[in-house]
Amino acid sequence: MEAMWLLCVAVAVLAWGFLWVWDSSERMKSLEQGGRLGAESRTLLVIAHPDDEAMFFAPTVLGLARLRHWVYLLCFSAGNYYNQGETRKKELLQSCDVLGIPLSSVMIIDNRDFPDDPGMQWDTEHVARVLLQHIEVNGINLVVTFDAGGVSGHSNHIALYAAVRALHSEGKLPKGCSVLTLQSVNVLRKYISLLDLPLSLLHTQDVLFVLNSKEVAQAKKAMSCHRSQLLWFRRLYIIFSRYMRINSLSFL
């Protein structure tokens with residue numbers, strides 16, 4: 001037992017030491033493995049609910065800002081599962097303002113076709129049509145959304161991946177438009193915060209964003225805008241989740 005405790009302490013010290021070195025170097029411009037993520041792109045972040053942008057994608061949004069990307073956000077529901085839709089739409093706009101996403105670039109879809117409900121399956125073709133229209137109208141050349149696991153397994157998250165995957169595989173995306181998906185990880189990795197950094201470095205296939213201490217505070221501030229959602233377990237999520245600090249993404 002004592003040996004295991006010492007091992008845990010050693011791993012924690014090593015991880016924090018690695019982060020200190022990381023944070024003091026120019027790595028905060030992002031890791032762009034293979035040079036496949038350029039600067040000054042028009043990027044569309046596609047989410048299912050208000051708070052997804054802060055809870056899951058804050059490192060990506062802030063990392064793209066370093067690369068001078070113009071970020072658009074398309075949210076497919078108002079998050080009205082508990083009849084809080086109007087409140088959650090306002091919270092989303094406040095969070096986007098903190099993250100540096102221009103409010104003029106935020107679109108929230110609020111209709112019966114895309115209910116905030118894990119028990120309802122969104123129509124893939126319908127999601128794809130709406131998404132493609134938004135891509136074309138705004139001249140998007142990079143789409144960012146969930147992967148097949150949806151990070152939390154939520155069916156609405158997975159529906160977005162299915163739609164983007166269909167557009168990509170059928171060759172319907174505009175020429176030069178790429179897709180990045182946020183990698184889902186197992187529960188242990190999800191809740192060990194920065195201790196997951198070594199594993200992220202080993203397993204990230206394409207793009208890795210890691211926040212510095214100032215950016216972590218910015219991400220937490222964005223999440224705190226979602227006051228209606230800050231139940232006790234989400235407060236713990238903010239403290240322990242890697243997604244508030246690290247994003248690993250893969251290209252389709």
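Is Phe233 buried, exposed or partly exposed? Phe233 counts as partly exposed, at 39% relative accessibility; the class lies between buried (under 20% relative accessible area) and exposed (over 50%), with a 1.4 Å probe and protein chains only.

The model is predicted: local features need pLDDT of at least 70, side-chain atom pairs count only at pLDDT 80 or more, and totals for chains, interfaces and linings use all residues. Residues are numbered from 1 along each chain as its sequence is written, and side-chain values use heavy atoms, without hydrogens and water.

**Aromatic pairs**

Across the whole structure, a search finds eleven aromatic pairs. Rings of Phe, Tyr and Trp (its six-membered ring) pair if their centres lie within 6.5 Å; planes under 30 degrees apart are stacked, over 60 edge-to-face, and the rest tilted. Two of the pairs are listed here.

| Pair | Centre to centre | Angle between planes | Class |
|---|---|---|---|
| Phe56 and Tyr243 | 6.3 Å | 80 degrees | edge-to-face |
| Trp232 and Phe233 | 5.8 Å | 90 degrees | edge-to-face |

Phe56 sits in the loop between helix H2 (52-55) and helix H3 (58-66), and Tyr243 in the loop between helix H10 (232-240) and strand E8 (246-251), so their pair ties together parts 187 residues apart in sequence. Helices (H or I, at least four residues) and strands (E, at least two) are DSSP runs, numbered from the N terminus. Phe56 and Tyr243 are both buried, whereas Trp232 is exposed, at a relative accessible area of 62%. One aromatic cluster is formed by Phe56, Phe57, Phe146, Tyr191, Tyr237 and Tyr243.

**Helix packing**

Helix H5 (residues 124-137) and helix H6 (residues 155-169) have axes that come within 8 Å and cross at roughly 70 degrees. Axes are lines fitted to C-alpha atoms, for helices over the stretch in contact, and angles run from 0 to 180 degrees between N-to-C directions. H5 is therefore roughly perpendicular to H6 (65 to 115 degrees; under 35 is roughly parallel, over 145 roughly antiparallel, the rest oblique). Residues in contact (heavy atoms within 4.5 Å) include Leu131 and Leu132 of H5 and Ala163 and Leu167 of H6. By class, this contact has eleven nonpolar, one polar and no charged residues.

Helix H4 (residues 85-99) packs on helix H9 (residues 213-224) at an angle of about 165 degrees, with the axes 8 Å apart. That makes H4 roughly antiparallel to H9. Ser95, Val98 and Leu99 in H4 meet Gln218, Lys221 and Ala222 in H9. The contact of H4 with H9 has three nonpolar, two polar and one charged residues; Ala, Val, Leu, Ile, Met, Phe, Trp, Tyr, Cys and Pro count as nonpolar, Asp, Glu, Lys and Arg as charged, and the others, Gly among them, as polar.
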